[in-house]
Amino acid sequence: MKARLVIASLLMLAAIPAEAQFARRDIRGADEATIYRSPELRRLDVQLNRVYQRALRDLRPGERRRLVAEQYRWLARRASCGISKGCLVSMYERRIGQLQD
């Protein structure tokens, strides 16, 4: 039961609109602060969110859970970019490409 609640919560979080993801008060790390300040990175974030949402809709529940877990691992790797805009742009471009394949 607890696992189902966790998975349901993750899936609901995955559906948060991209435009709402980086409200100033919600910034949790250097990577998010950098994204918040950069129009290019915000555009990439919106694009990634749209591609990710599309991918989620096209999957069965088990595959969806795997993609959500994979996305959380990607977010942890993205955090390692810190304030490096080049690193963040590269991370976003690769992830968008992976999800579009």
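Author: Before we start, a word on terms: axes are lines fitted to C-alpha atoms, for helices over the stretch in contact, and angles run from 0 to 180 degrees between N-to-C directions. This is a predicted model, where local features need pLDDT of at least 70, side-chain atom pairs count only at pLDDT 80 or more, and totals for chains, interfaces and linings use all residues. Residues are numbered from 1 along each chain as its sequence is written, and side-chain values use heavy atoms, with hydrogens and water left out.

Reader: Thanks! At what angle do the axes of α2 and α3 cross?

Author: Roughly 105 degrees, and the axes of α2 (residues 30-37) and α3 come within 5 Å. Helices here are DSSP runs (H or I, at least four residues; strands are E, at least two), numbered from the N terminus.

Reader: So what do we call that arrangement of α2 and α3?

Author: Roughly perpendicular. That label covers 65 to 115 degrees, while angles under 35 count as roughly parallel, over 145 as roughly antiparallel and the rest as oblique.

Reader: Which residues meet there, α2 to α3?

Author: T34, I35, Y36 and R37 of α2 meet P39, L41, R42 and D45 of α3. Contact means heavy atoms within 4.5 Å.

Reader: Switching to the core: how many residues has the largest nonpolar core?

Author: There are 18, and L41, L44, L48, Y52, L67, Y92 and L99 have the most contacts inside it. Such a core is a set of buried Ala, Val, Leu, Ile, Met, Phe, Trp, Tyr and Cys residues joined through side-chain atoms within 4.5 Å. Buried means under 20% relative accessible area, exposed over 50%, partly exposed in between (1.4 Å probe, protein chains only).

Reader: Which elements give two or more residues to this core?

Author: α3 (39-57), α4 (61-79) and α5 (85-100). The largest share, seven residues, comes from α3.

Reader: And what does L48 touch?

Author: Leaving out residues up to four places away in sequence, L48 touches Q71, W74, Y92, R95, I96 and L99.

Reader: Nice. Which cysteines does the disulfide join?

Author: C81 and C87, with an S to S distance of 2.0 Å (the cut-off is 2.5 Å between the cysteine sulfur atoms). C81 is buried at 7% relative accessibility, whereas C87 is partly exposed at 29%.

Reader: Last one: which helix has the lowest mean pLDDT?

Author: Helix α1 (residues 2-14), at 47, while α5 has the highest, 97. pLDDT is the predictor's confidence in each residue, from 0 to 100. Where pLDDT is low, the predicted coordinates should not be read in detail.
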